[in-house]
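Let's take a walk through a protein model together. Have a look at the sequence and the 3D view first, and then read on.

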Amino acid sequence: WTQMTRTYGVAAVLTDRLADFTLPARWRLLTIENWEPFFRTDYSGAPIPVMAAYLGGNAPGSVMEALKTFSTPPELVLHFGDYDWEGLYIFQRLQKALPQARLYIPENIEALFRQFGKRNLIDKQKRKALLDEKDRNCLPVIQLIEQHNAGLEQEIVGLPEWTHISS
């Protein structure tokens with residue numbers, strides 16, 4: 001798949017074929033909620049291969065189930081999504097499929113919420129009844145959403161550096 005990425009820029013695999021996808025013994029998975037950050041993703045210089053998976057927003061259950069079928073599971077799973085109720089719900093759905101998944105929270109997220117937080121992101125959203133508000137991965141973001149009464153789009157944040165995917 002690295003050769004396909006080098007040649008074509010992006011490699012695609014259908015969800016029903018993930019179980020047969022040949023993967024290296026050591027690799028990392030970065031799931032990305034929205035198209036724009038996914039399109040800018042480039043971890044080609046990373047010392048351990050990184051597969052970026054575009055979820056397309058609230059991915060269907062078939063995609064979440066397919067992510068559990070890798071013949072060689074990823075060493076680490078990091079999710080990069082919007083910092084609003086929908087984004088947290090998507091992350092928790094991913095976490096049910098891949099319990100080792102962590103939510104990417106940049107060090108400067110509080111300053112980003114202050115400067116770029118948008119009330120209209122959460123005005124249209126309702127907290128999902130199934131959202132686990134005690135999830136330690138989500139708690140810092142939940143507190144910021146409540147404090148600022150706003151959400152934050154992932155496009156404002158920027159892609160995680162390799163160092164966030166390596167630890």
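What follows goes from the overall layout to one strand and its neighbours, and then to salt bridges and the surface.

**The overall layout**

Before anything else: this is a predicted model, where local features need pLDDT of at least 70 and side-chain atom pairs count only at pLDDT 80 or more, while totals for chains, interfaces and linings use all residues. Residues are numbered from 1 along each chain as its sequence is written, and side-chain values use heavy atoms, with hydrogens and water left out.

The protein has 9 helices and 4 strands. Helices here are DSSP runs of H or I with at least four residues, strands are runs of E with at least two, and both are numbered from the N terminus. Read from the N terminus, the order of elements is α-β-α-β-α-β-α-β-α-α-α-α-α.

How much of the protein is buried? Of its 167 residues, 47% count as buried. Buried means under 20% relative accessible area, exposed means over 50%, and partly exposed is in between, using a 1.4 Å probe and protein chains only. The protein exposes about 9,100 Å², and carbon and sulfur atoms supply 50% of that. Such areas come from the Shrake-Rupley method with a 1.4 Å probe, and for residues only the protein chains shown count as cover.

The contacts tell you about the fold too. Among contacts with a separation of 6 or more, 76% are between residues 24 or more positions apart; a contact means heavy atoms within 4.5 Å.

**Strand 1 and its neighbours**

Now find strand 1, residues 28-32. Strand 1 runs parallel to strand 2 (residues 50-54), and 5 bridges join the two. Two strands pair if DSSP finds at least two bridges between them. For example, Arg28 has Val50 as its bridge partner in strand 2, and Thr31 has Ala53 there. Strand 1 also pairs with strand 3 in the parallel sense, over 5 bridges. In that pairing, Ile32 is partnered with Phe80 of strand 3.

Is strand 1 enclosed or open? Because 5 of its 5 residues are buried, strand 1 is largely enclosed by the rest of the structure. Arg28, Leu30 and Ile32 point one way from the strand, Leu29 and Thr31 point the other way, and all are buried.

Strand 1, helix 2 (residues 35-40) and strand 2 together make a right-handed β-α-β unit. Right-handed means that, with the strands pointing away from you, the path from the first strand over the helix to the second runs clockwise.

**Salt bridges**

A search of the whole structure turns up 7 salt bridges. To count, a side-chain nitrogen of Lys or Arg must be within 4 Å of a carboxyl oxygen of Asp or Glu. Here are some of them:

| Pair | Closest N to O |
|---|---|
| Glu75 and Arg28 | 2.8 Å |
| Glu153 and Lys118 | 3.3 Å |

Glu75 forms its salt bridge with Arg28. This pair links distant parts of the chain: Glu75 is in the loop between helix 3 (61-66) and strand 3 (76-80), while Arg28 is in strand 1, 47 residues apart. Glu75 is partly exposed, with a relative accessible area of 37%, whereas Arg28 is buried, at 6%.

Glu153 forms a salt bridge with Lys118. That pair also links distant parts of the chain, 35 residues apart, with Glu153 in the loop between helix 7 (139-148) and helix 8 (154-157) and Lys118 in the loop between helix 5 (109-116) and helix 6 (119-123). Glu153 counts as partly exposed at 26%, and Lys118 as partly exposed at 36%.

**Out on the surface**

Which residues form a nonpolar patch on the surface? Trp35, Phe39 and Tyr54 do, with about 360 Å² of accessible area together. Patches are made of residues with over 30% relative accessible area and no salt bridge; like charges are joined within 9 Å, and nonpolar side chains (Val, Leu, Ile, Met, Phe, Trp, Tyr) within 5 Å. Phe39 lies in helix 2 and counts as exposed, because its relative accessibility is 57%.

One last stop is Asn149, in the loop between helix 7 and helix 8. Its phi is near 50°, a positive value in a residue other than glycine. Asn149 is partly exposed, at 32% relative accessibility.
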